[in-house]
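Colleague: I'd like to learn how to read the pockets and the packing in a model like this one. Could you walk me through it?

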Amino acid sequence: MTTTAEVEKPRADHGTGRAPRPRPGRIRRIGLPYLLLLPALVLELLVHLVPMVIGVVMSFKELTQFYIRDWGTAPWSGLDNYRVSVDFDAPVGEALLHSFLVTVGFTLLSVGLCWLIGTAAAIFMQDAFRGRGLLRAFFLVPYALPVYAAVITWVFMFQHDNGLVNHVLHDQLHLTDQPSFWLIGDNSFYALLTVSVWKGWPFAFLIVMAGLQNIPRELYEAAALDGAGRWQQIRRITLPSLGPVNQVLVLVLFLWTFNDFNTPFVLFGRAAPEAADLVSVHIYQASFVTWNFGTGSAMSVLLLLFLLAVTGVYLAVTSRGRRATRER
C-alpha cells in the first residue's frame with residue numbers, strides 16, 4: 001500500500017516551483033551526440049583550422065629556404081609579403097594579377113558550361129525511356145574516375161604527334177592546317193577548360209537530376225493541357241523550381257573550380273603555361289619552386305579572403321532574391 005507520506009512528498013516538491021533535476025540517464029542521452037561529433041571536430045581542427053592559422057602566421061614572416069628547418073625563427077616582415085603580392089607594377093604582383101584574371105575567366109566559363117551541359121542532360125533524362133539507367137551510369141563515369149587517372153589520359157590525348165585530339169581534328173576532320181600544341185601556348189587554356197568541363201559537368205547533372213525528382217509531374221501535365229510547349233515548361237516550371245538547387249550548385253562549382261589544383265598540375269606539370277596559369281598553381285610555384293613561403297602564404301590568405309567575400313556577396317544576393325520571391 002502507498003502511505004500518505006509517500007503521496008505528499010511529490011506534492012511538496014511541486015510547491016517549491018523548482019524544475020525537476022534531470023536524471024543522469026537523460027544527461028548521457030543529451031551529451032551522446034556531442035561526444036560522437038568530437039572525433040570529427042578534432043580532425044577538422046587538425047586538418048583544416050590549424051594549418052590555416054599556421055599559414056596566416058607564415059604570411060607575416062620572411063620565410064625563405066634559409067629557414068625551412070626551423071620556420072619559427074624566420075624574422076617578421078609585417079605586411080611586406082602582402083605589399084609585394086598586390087604591387088601590380090612589380091613583377092610579382094603583375095604575375096599574380098595575370099594569374100587571377102586567367103582564373104576568373106576560366107572559372108566563369110567552366111562553371112557556366114558545366115551547369116548548362118549538366119542541366120540539359122538532366123532534363124533530357126527526366127522522361128523514362130529504354131536504356132535510361134545505363135545512359136545515366138555512362139554520364140557519371142567522368143565524375144567517378146580518379147582525377148589523376150582521368151587527367152593523365154587527357155595528357156596522352158593532347159599529345160602533339162600521336163594524340164587522339166590532333167588525330168581527329170587534323171587527320172580525319174581536317175579542321176586544322178597542322179597538328180596543334182595543346183599543352184603549351186595559348187591552346188593550353190582551351191585544353192584545361194575542356195578537361196575541367198569534362199570532369200565537372202556530371203556533378204551538375206547528378207545534382208540537377210536529384211532536384212528534378214522534387215517537381216510534381218502534375219505541374220507539367222497541367223501546363224501541357226493549357227497548351228504550353230516543351231520550352232515553355234522548362235522556362236516556367238523547371239528552371240524556377242530548380243532555383244534553390246542551382247544556387248547551391250553554382251556556388252560549389254565556383255569554389256571547386258577556382259581552387260582546382262590537381263587538374264592543371266597533372267595536365268601541365270610544375271610550370272603551367274602563361275595562358276593556363278591558375279592561381280592555385282601560381283601560389284604553388286611561388287612557394288615550392290622559388291622557396292618563398294612567406295609570399296606564397298600571403299597569396300593564399302588573399303585568395304581565401306577573396307573567396308570569402310564572393311561567397312558572402314553571393315549568399316546575400318541569393319537570400320534577398322528568395323525573400324523577394326516569397327513576398328510576391
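Modeller: Gladly. Keep in mind that this is a predicted model. Let's begin with the pockets: the lining of the largest pocket has 16 nonpolar, nine polar and no charged residues.

Colleague: How much space lies in the largest pocket, and which residues are the closest to its centre?

Modeller: The largest pocket holds about 870 Å³ of space. It is lined by 25 residues, and Asn259, Ser300, Val301, Leu303 and Leu304 are the closest to its centre. Helix 2 (24-58), helix 14 and helix 15 (293-327) are the elements that give two or more residues to this lining. Helix 15 provides the largest share, ten residues.

Colleague: What classes of residue make up the lining of the second largest pocket?

Modeller: The second largest pocket has twelve nonpolar, seven polar and two charged residues in its lining. Its space is about 400 Å³. Of its 21 lining residues, Lys199, Trp256, Thr257, Asp260 and Thr263 lie nearest the centre. Among the helices that each supply at least two lining residues are helix 6, helix 9 and helix 12 (243-258).

Colleague: Let's turn to aromatic packing. How many aromatic pairs does a search of the whole structure find?

Modeller: The search finds 23 aromatic pairs. One of them joins tyrosine 143 and phenylalanine 203, with 5.6 Å centre to centre and 35 degrees between the planes, and it is tilted. Tyrosine 143 lies in helix 6 (residues 141-144) and phenylalanine 203 in helix 9 (residues 187-212), so this pair ties together parts that are 60 residues apart in sequence.

Colleague: Is phenylalanine 203 buried or exposed?

Modeller: Phenylalanine 203 has a relative accessible area of 12%, and under 20% means buried. Tyrosine 143, at 37%, is partly exposed. There is also an aromatic cluster, formed by Phe261, Phe265, Tyr284, Phe288, Trp291 and Phe293.

Colleague: And how do I read burial along a helix? Which residues of helix 8 (residues 164-172) are buried?

Modeller: You list the buried residues, then look at where they point. In helix 8 they are Val165, Asn166 and His170. They cover an arc of only 85 degrees around the axis, which puts them on the same side of helix 8. Helix 7 (147-157) is included in what covers them. After helix 8 comes histidine 174, with a positive phi near 55 degrees.

Note on methods: Residues numbered from 1 in each chain as written. Predicted model: local features only at pLDDT ≥ 70, side-chain atom pairs only at ≥ 80, totals over all residues. Heavy atoms only, no water. Buried < 20%, exposed > 50% of the residue type's maximum accessible area, 1.4 Å probe, protein only. Helix = DSSP H or I, 4+ residues; strand = E, 2+ residues; numbered from the N terminus. Arc of directions from axis to C-beta. Contact = heavy atoms within 4.5 Å. Phe/Tyr/Trp six-rings, centres within 6.5 Å; stacked < 30°, edge-to-face > 60°. 1 Å grid on protein atoms, 1.4 Å probe; cavity = no way out; pocket = protein on both sides within 12 Å on 5 of 7 lines; lining within 4 Å. Points joined across faces, edges and corners; volume = space filled by probe spheres on them. Nonpolar A, V, L, I, M, F, W, Y, C, P; charged D, E, K, R; others polar.
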